Amino acid sequence: MMTVWRLRQGADKRIRSGHPWVFSNELSQSPKGLIPGTPIELQDAKGQFLARGYGNPHSLIAFRALSFNSQEEQPTGFDFLQNKILNAWQVRKAAGFRGSFRLAFGESDYIPGLVLDYYLVRQNGKQAQVFAAQLVTAGMNEALKEAETFFKGLIEKAHKRGLSSFAWQDSAVVIRNDVNIRKLEGLNVEEPKTVKDIEGMDLSDIEILLNAAGDDGLISMSCDLKEGQKTGFFLDQTHNIYLAVNLFKNWAKTQEKRTLRVLDLCCYVGHWSTQITRALRHLGFDVEVSIVDVSKSALAFAKKNAEREGANVIVHEMDVSEGLTQLAASHYDIVIADPPAFIKSKKDIPIGKHAYVKMNTQAFRVVKKNGFVASCSCSGLLEEEEFRDAIRKAALRNHSEIRSVLRGGHAADHPTLMQFPEGFYLKMYVHYV
């Protein structure tokens with residue numbers, strides 16, 4: 001019989017609105033003594049059903065809802081979770097994703113605790129698929145502890161439904177439980193683990209395929225899916241790259257044919273600069289890309305990726321917080337400022353906002369007149385108004401006339417829920433100088 005928790009009187013408003021979280025101080029009894037990840041039925045103070053999910057007595061977020069349907073009796077079971085993922089997969093297909101994409105985005109896909117990226121990969125002329133999963137809560141960690149069995153069943157169902165053309169033998173599964181957020185759930189941070197490999201493929205240096213910005217094809221990006229940052233690749237800005245590249249293409253058509261200079265700050269494996277290079281090269285421009293990152297291995301991938309699309313690449317191995325003053329002023333046609341999250345907790349907000357001001361000040365300093373600066377943030381704790389204020393301060397230190405010409409956000413593979421504002425974190429603005 002499933003463990004039942006009840007809420008205090010009046011504490012059910014948020015969960016009734018569809019928000020998936022309940023905090024420990026909203027429970028009518030102490031959750032202590034429960035095994036983290038135990039399936040829970042949540043009831044209101046009068047004993048009426050509210051939701052089913054899982055609990056964790058060691059977390060401030062004591063309960064996370066998987067289902068608001070009383071008919072769903074096993075929401076942590078394989079069938080239920082696999083069907084949730086398949087539904088999310090269908091959404092991505094309907095939105096036009098044909099290559100690599102985020103397949104499950106936690107609460108926003110009604111699967112709290114699971115971040116799952118899907119990669120279409122290619123090596124030695126052979127294509128395959130890779131699933132890279134982060135299990136960031138005790139509940140999901142417990143539910144998917146038999147990960148190989150779970151993903152084998154998922155892949156078989158996806159194949160039958162026509163969502164994937166690959167069978168189990170052409171699939172790999174990597175568990176990326178190397179994220180510090182697990183500590184909030186009382187979980188250990190673990191080394192990346194490959195639970196299913198593909199014979200003859202090296203996931204530590206492999207090409208992924210994803211929708212190309214500005215045309216209907218697929219673009220190839222080399223990366224490390226075994227131990228690279230996050231799940232090996234940063235998929236979250238893909239939609240914003242598409243938007244910006246189309247803007248840059250329209251602008252480029254008004255320019256005389258010459259070498260266009262792109263500066264990619266915190267480039268990682270060069271997703272922004274590689275997509276921009278492809279689009280501008282198709283229009284007949286030569287492209288010079290300057291890539292900046294603190295990671296030597298990331299820069300090696302970024303150089304390979306941009307050169308594959310025809311760029312002349314200049315490498316700057318440096319910390320953006322210290323080294324950008326070395327770059328020439330008014331030198332670049334397009335500057336990308338897409339750093340990792342500067343803000344990890346509320347106490348970091350003032351310092352983090354200052355870091356965004358500092359980085360974007362340099363971005364606006366080095367951009368040419370009649371050029372573009374794309375400013376991005378993936379810090380969920382930084383309100384969009386505060387981010388705009390940081391860009392304003394940075395821009396006005398360098399230029400008297402700037403125009404915000406594009407605003408980005410979340411794509412269909414990073415969906416959001418109106419009832420779950422915590423899921424909104426991506427911000428992107430392009431300014432024309």
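Arg407 is exposed, with a relative accessible area of 53%; exposed stands for over 50% relative accessible area, buried for under 20%, and partly exposed for values in between (1.4 Å probe, protein chains only). This is a predicted model, in which local features need pLDDT of at least 70 and side-chain atom pairs count only at pLDDT 80 or more, while totals for chains, interfaces and linings use all residues. Residues are numbered from 1 along each chain as its sequence is written, and side-chain values use heavy atoms, with hydrogens and water left out.

Arg407 pairs with Glu384 in a salt bridge whose closest N and O atoms are 3.0 Å apart. A salt bridge here is a side-chain nitrogen of Lys or Arg within 4 Å of a carboxyl oxygen of Asp or Glu. The pair links distant parts of the chain, 23 residues apart: Glu384 belongs to helix H10 (residues 384-396) and Arg407 to strand S18 (residues 403-408). Helices (H or I, at least four residues) and strands (E, at least two) are DSSP runs, numbered from the N terminus. Glu384 is partly exposed, at 22% relative accessible area.

## Other salt bridges

The whole structure holds 33 salt bridges. One network, joined by salt bridges that share partners, contains Lys353, Glu386, Asp389, Arg392 and Lys393.

Glu107 and Arg64 form a salt bridge with a closest N to O distance of 3.1 Å. Glu107 sits in the loop between strand S6 (101-105) and strand S7 (114-123), and Arg64 in strand S5 (residues 61-67), so the contact ties together parts 43 residues apart in sequence. Both Glu107 and Arg64 are buried. In the salt bridge between Lys230 and Asp236, the N to O distance is 3.4 Å. Lys230 is partly exposed at 30% relative accessible area, whereas Asp236 is buried at 5%.

## Cysteines

Zero disulfides are found in a search of the whole structure, a disulfide being a pair of cysteine sulfur atoms within 2.5 Å. For Cys223, the closest cysteine sulfur is that of Cys267, 13 Å away and therefore too far for a bond. Cys266 is in no disulfide either, its nearest cysteine sulfur, in Cys267, being 8.1 Å away. Cys223 is buried at 0% relative accessible area, and Cys266 is buried at 16%.

## Annotated segment

An unreviewed UniProt entry lists residues 265-308 as "domain: Rhodanese". UniProt positions are given in the numbering used here, feature names are shortened, and annotations may be inferred rather than shown by experiment. Over residues 265-308 the chain is 57% helix and 20% strand, with its end C-alpha atoms 19 Å apart.
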